[in-house]
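Dear colleague,

Please find the structure below, together with its sequence.

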Amino acid sequence: MTQPGKADAAADVLAGGDTRGDGPRRRAGAGPRRGAPLPLLLPALVGLAFLLLPLVALLVRAPWAGLPEQLTSPEVWQALQLSLITATAATAVSLVLGVPLAWLLARTDFPGRGFVRALVTLPLVLPPVVGGVALLLALGRNGVVGQWLESAFGITLPFTTAGVVVAEAFVAMPFLVISVEGTLRAADPRYEEAAMTLGASRFTAFRRVTLPLIAPGIAAGSVLAWARALGEFGATITFAGNFPGRTQTMPLAVYLALQSDPAAAIALSLVLLAVSIAVLAGLRDRWMTAAS
Amino acid sequence: MTDTPRAAGEEGPGPDKGYAPESGPGSDSDADSGSGSGPDSGSGSDKGLDARLVVHRGSFHLDVALTAAPGDVVALLGPNGAGKTTALRALAGLTPLSEGGRLRLDGAALDRTPTESRPVGVVFQDYLLFPHLSALDNVAFGPRCQGVPKARARAQAAAWLDRMGLADHAGAKPRRLSGGQAQRVALARALAIRPRLLLLDEPLAALDARTRLEVRAQLRRHLADFEAVAVLVTHDPLDAMVLADRLVVVEHGRVVQEGTPSDIARHPRTDYIAQLVGLNLYRGQAEGHTVRLDAGPEITTTEDLGGPVFVAFPPSAVTLHRDRPTGSSARNLWQCRVGGLETHGDQIRADLTGELPLAADLTTVAAAELDLRPGAPVWATVKAAQTHAYPA
């Protein structure tokens, strides 16, 4: 159990401890820790309050009494169901396409790999609305590829449930790729070599050795991508529109409800907050201790 | 059969089956018939390993010729960075050969054969057992990749583990195995694909001193049973001499000496080997019983030679004196200075500088009587009878 020790050491530094590196020994004999200097402590507390206050307000103003009724209304149920289905589908798409992409970025060397990697991460920083517009131009009825999709296969993506999945996957996949690529880089590639000396092709080595080894990273990346897909708003409303039962996901429903039925909006927000906390709890070991 | 040993069928005792568990662990007669009775497409010289490993990587150049007959255990011995591991990777196909390299195994050219199709088993330095698989499934991995049905592959793996004395640990994950056990699982895993060439990278380096002794003896037995070519890489001369029939000493990517362990121990040709086997080694020009060293004084030897020679003598052959000895029968006398002292058990190894740099062994008592300390002047004598000269 090295992590508590590491966290302590970090806390020590935060508490103004010296950095001679003999923290544990000094701490063992020392009394109460010295406080943080005020110029740091004050903004830190304000910052913390700033992050927490909106969430507290959400809980304070929540219509707890009418909550069961709100959450079981057909509209909410419909949006929740659609959100869960599309987010899961988008995660599945991200897995199928993203894991091989992560492998390619982590395990092979080709000209322009750094550039490709930058392109993959672009949706992370791109405003989602812009992503939605770009998707329309690519896959819309008159889009670069969409035109051809419609004439050749009769497939239309915009303003359909499939379009929601596309928009969500576009935004969520980079999270998965980055997470899996990081895990792959940390995993010892010599296990793949060992598998190859035993007669495994490169694909077999990936499937039977690498994949199980990086499973925790894939799981974390999937949860992250799923959470991102669940909260997707900008790209979805731009590319797929806002049709109840077809493309109206939870975030869209929240935004719409806020104008007509604030209580319902709060109820829906609570659900999304609960999901977010659950995701955070699920990733606790990976992310919260990694920072310490 | 000689070109694709990996493709050995599941039925019938083919030539590759010689070392397969079904033929009974340790049954030497089977192994012998296995290597001898197969449909032999080539002459006897086609059997075994014939390689010239050429690898250029940046400023590092490896050029090592390696030949071995079936049943041979060859050790690549050399200091760190000499290119031993690169040579091993080239044999396994993990590092491609550069221009001028070639690799033939049992008469078949493997230069362009991908790693997974080579009949080559590798025991990696830190074993690289798959952490998510049990010991049994680690060993069954190779046969499974060769298309052996799951139940059969696991039965073979169980036989291998049994042979290694690990039947009780078949279900254990690698992290629960001791270093010695992991080493044997790694060996079983490499042997389970019935390789025609077995490669071992520093097979004992990851073990502590006590386990090492035991595992070395076991490994020696298993290698003696192995009927195809085994090549091991090590920087430990003891491992090399215990495990191998033949040593190939590699320095700076080149073979500097090759021979049986005893030959190399008696006739080292570089400082590195001399240090490894604990000898003082000098190079010079011989004229009769006198050798004029390239750097330094003359040494009188018993051998009567001419031309360039090596002269070697063990540190224990050196006698130290505080004052210039008179009436000594020793033919070789040099004035030296103590450079450093090191304790080896109840012996002290003195590192001497001066006229002739050399290492001398003496007892702690003698060291105390001589009042040896760094910087102290001493006289060193060596009897001609204890030196050994041989042509360079």
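L270(A) is buried, with a relative accessible area of 10%; a residue is called buried under 20% relative accessible area, exposed over 50% and partly exposed in between, with a 1.4 Å probe and protein chains only. The model is a predicted one, in which local features need pLDDT of at least 70 and side-chain atom pairs count only at pLDDT 80 or more, while totals for chains, interfaces and linings use all residues. Residues are numbered from 1 along each chain as its sequence is written, chains are lettered from A and ligands numbered from 1 in the order in which they are written, and side-chain values use heavy atoms, with hydrogens and water left out.

The position of L270(A) is in helix α15 of chain A, residues 262–282. Helices here are DSSP runs of H or I with at least four residues, strands are runs of E with at least two, and both are numbered from the N terminus. Setting aside residues up to four places away in sequence, L270(A) touches L58(A), L59(A), A62(A), W64(A) and L67(A), where contact means heavy atoms within 4.5 Å. L71(A) is 199 residues from L270(A) in sequence, yet their C-alpha atoms are 9.9 Å apart in space.

Chain A as a whole has 16 helices and 0 strands. Of its 292 residues, 39% count as buried. Among contacts in chain A between residues at least 6 apart in sequence, 69% link residues at least 24 apart. The accessible surface of chain A is about 16,100 Å², with 71% belonging to carbon and sulfur atoms; such areas come from the Shrake-Rupley method with a 1.4 Å probe, and for residues only the protein chains shown count as cover.

One helix pair in chain A may be of interest. The axes of α5(A) (residues 74–107) and α6(A) (residues 113–125) come within 10 Å and cross at roughly 145°; the axes are lines fitted to C-alpha atoms over the stretch in contact, and angles run from 0 to 180 degrees between N-to-C directions. L101(A), L104(A) and L105(A) of α5(A) make this contact with R113(A), V116(A), R117(A) and V120(A) of α6(A).

Chain B has 10 helices and 18 strands, and 51% of its 392 residues count as buried.

Helix α2 of chain B, residues 84–92, is mostly covered, with 7 of its 9 residues buried. Those buried residues are K84(B), T86(B), A87(B), L88(B), A90(B), L91(B) and A92(B). After α2(B) comes G93(B), which has a positive phi, near 85°.

D236(B) sits in the loop between β8 (229–234) and α7 (237–243) of chain B. This residue, D236(B), counts as buried at 17% relative accessibility. Apart from neighbours within four places in sequence, D236(B) is in contact with L77(B) and R212(B).

Finally, the interface: 18 residues from chain A and 21 residues from chain B take part in the contact. The area buried between the two chains is about 1,800 Å², of which carbon and sulfur atoms give 67%; buried area is the accessible area (1.4 Å probe) that two parts lose on being put together, summed over both. On the chain A side, T197(A), L198(A) and R208(A) lose the most area to chain B, together 39% of what that side buries.

With kind regards
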